[in-house]
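Here are my notes on the sheet and the salt bridges. Have the viewer open as you go through them.

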Amino acid sequence: MLSEYYKKHPYFFNLLIVLILLTTVRIVDWIVWTPPAPGVISQIILAHLFEFVAGLPLLSLLLFSYHWALKKKSKILIISLVFLFSFLGPTILKIITLFLEQIFRLRETFTITFDLIEKITPFGIVYFLSLSATFYITYSRLQFIRQKNATHKAETLAKDAQLKMLNYQINPHFLFNTLNCLHALVDEDKGKAKELIVSMSEYYRYTLNKNQQKTSIANEVKTIKKYLEIQKTRFEEKLEYEIMLDDILNSIHIPSFIISLLIENAIQYGIKSNEQKLSIRLLIKMLNNTLVISVSNTGKIIFPNPANDQNIYRNGNGLDNIKGRLSFFYADHYSFTVNEANGWVEATIKIENIMA
Amino acid sequence: MTKLKAVIVDDERLARVNLKKLLEKHPEIEIIGEVDSCDHTLEIIHQCTPDIIFLDIQLNGETGFDLLEKIDNTIRVIFVTAYDEYAIKAFEENATDYLLKPVNPQRLKLTLSRIIKYDI
């Protein structure tokens with residue numbers, strides 16, 4: 001129960017613990033250094049409890065403003081907030097406490113004097129600096145955990161993408177149809193049969209050997225060419241493709257298999273929605289410092305329907321995987337869209353400020 | 001003995017070539033046509049009633065099952081496909097046999113001899 005609440009509100013819990021500790025220390029400190037008359041102890045404890053209660057809204061304010069400052073990513077803002085809380089916080093805290101004491105008739109009246117502020121400030125600064133420090137420690141610990149989780153997630157997604165590619169290659173339809181095609185080619189065109197064997201070997205080698213998070217555009221496109229050559233041998237004039245790639249982009253590294261998955265989807269869904277001829281187009285270009293990868297196919301968007309899809313070797317269409325990995329590597333600096341217009345389905349990935 | 005009239009339906013030309021070559025070794029079979037879509041198959045069925053259809057399941061935008069609904073069930077349908085995931089469904093739809101690509105010549109021989117022997 002408690003651990004669940006802690007996971008939901010780690011900041012609040014940590015700060016509350018510090019607040020309780022500080023109040024306890026103050027009560028003990030008071031009693032030990034200035035032993036009061038026995039009747040007054042309960043009053044003193046009550047006074048400090050008021051201080052604790054007065055601290056709660058300030059605690060919320062502190063949490064809220066620190067989070068806000070972190071969002072703005074401004075160091076100056078954070079530092080000024082720490083100073084503001086350290087110097088003004090104690091005074092506000094004291095005023096609220098005194099006010100509470102007056103309401104509950106522990107104190108007759110009070111006036112805010114400079115003397116009062118001066119007296120409470122040293123401990124108040126420690127008090128609020130402790131709270132700020134606790135906030136910071138909680139924040140960095142959460143960041144660390146988040147980072148670890150994100151890395152772990154990216155690794156899982158990369159493995160998943162490789163598995164999806166393997167699934168497709170080992171997909172019986174692709175493999176046996178290609179073998180069947182090879183069977184016919186051995187009689188019809190020995191040269192072409194040999195080419196197909198080489199294409200298949202190179203295509204398989206790429207995904208079976210690579211287990212990297214990222215790969216160069218050159219590598220990825222080379223594999224895609226092999227894959228399209230194999231499909232072209234199978235579908236002959238029913239399939240045509242075009243690859244437009246600016247050679248200077250070859251060395252740029254991108255998450256592996258992302259374009260391959262898009263091309264594979266374009267063929268798989270394109271074949272289903274084209275009665276006559278299927279055209280595939282891959283375009284990779286740099287536009288105002290933004291890398292644009294666009295995969296288009298003739299036909300219509302078909303949404304995968306798991307209930308109707310009898311093919312147990314396909315597991316979704318890989319789009320979630322693509323989005324997940326792009327978001328890990330490029331955070332908010334990417335976009336991924338799928339559009340249909342004029343008989344073409346186009347999937348576009350845009351990545352801003354990518355490094356070569 | 002009258003020859004059995006056969007039609008090959010597959011959207012990949014090389015797949016049709018493959019099957020044609022194998023069937024040419026069987027004198028009891030006469031290939032009266034090879035087509036690449038459901039519509040063309042229906043046309044050929046109307047022109048000359050075949051005895052056997054060798055049918056692939058994935059046909060561009062359509063499937064072999066779409067075709068089954070539109071044809072007379074006296075025509076024997078033999079599915080020829082890359083993988084066996086549709087086998088049970090094929091037999092439910094009254095398929096005569098189910099062959100896997102690349103087709104094993106011995107297996108094809110068995111299919112044809114059964115058809116002739118038991119007239120199924």
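1. Strands pair here if DSSP finds at least two bridges between them; helices (H or I, at least four residues) and strands (E, at least two) are DSSP runs numbered from the N terminus. Across this pairing, A:Ile243 sits opposite A:Leu282 in β4(A).

2. Before going on, some housekeeping. This is a predicted model, where local features need pLDDT of at least 70 and side-chain atom pairs count only at pLDDT 80 or more, while totals for chains, interfaces and linings use all residues. Residues are numbered from 1 along each chain as its sequence is written, chains are lettered from A and ligands numbered from 1 in the order in which they are written, and side-chain values use heavy atoms, with hydrogens and water left out.

3. The whole sheet is open and mixed, with five strands in the order β2-β4-β5-β7-β6 (chain A). β2 (239-245) and β6 (334-341) of chain A each have a single partner strand, so one side of each has no neighbour in the sheet. From one strand to the next, the twist averages 10°.

4. Helix α8 (residues 217-235) of chain A packs on the sheet, touching β2, β4 and β5 (290-298) of chain A, and its direction makes about 165° with that of β2(A). Contact means heavy atoms within 4.5 Å; axes are lines fitted to C-alpha atoms, for helices over the stretch in contact, with angles from 0 to 180 degrees between N-to-C directions. Helix α10 (residues 319-330) of chain A lies across β6 and β7 (344-352) of chain A, at about 145° to β6(A).

5. Now the charges: there are 14 salt bridges over all chains, taking a side-chain nitrogen of Lys or Arg within 4 Å of a carboxyl oxygen of Asp or Glu. B:Glu12 forms one with A:Arg234, the closest N and O atoms being 2.6 Å apart. Both residues are buried (under 20% relative accessible area; exposed is over 50%, partly exposed in between, with a 1.4 Å probe and protein chains only).

6. A:Lys238 forms a salt bridge with B:Asp36, the closest N and O atoms being 3.2 Å apart. Buried or partly exposed: which is B:Asp36? At 21% relative accessibility, B:Asp36 counts as partly exposed, while A:Lys238, at 12%, counts as buried.

7. Within chain B, B:Asp10 forms a salt bridge with B:Lys101, the closest N and O atoms being 2.8 Å apart. The two lie 91 residues apart.
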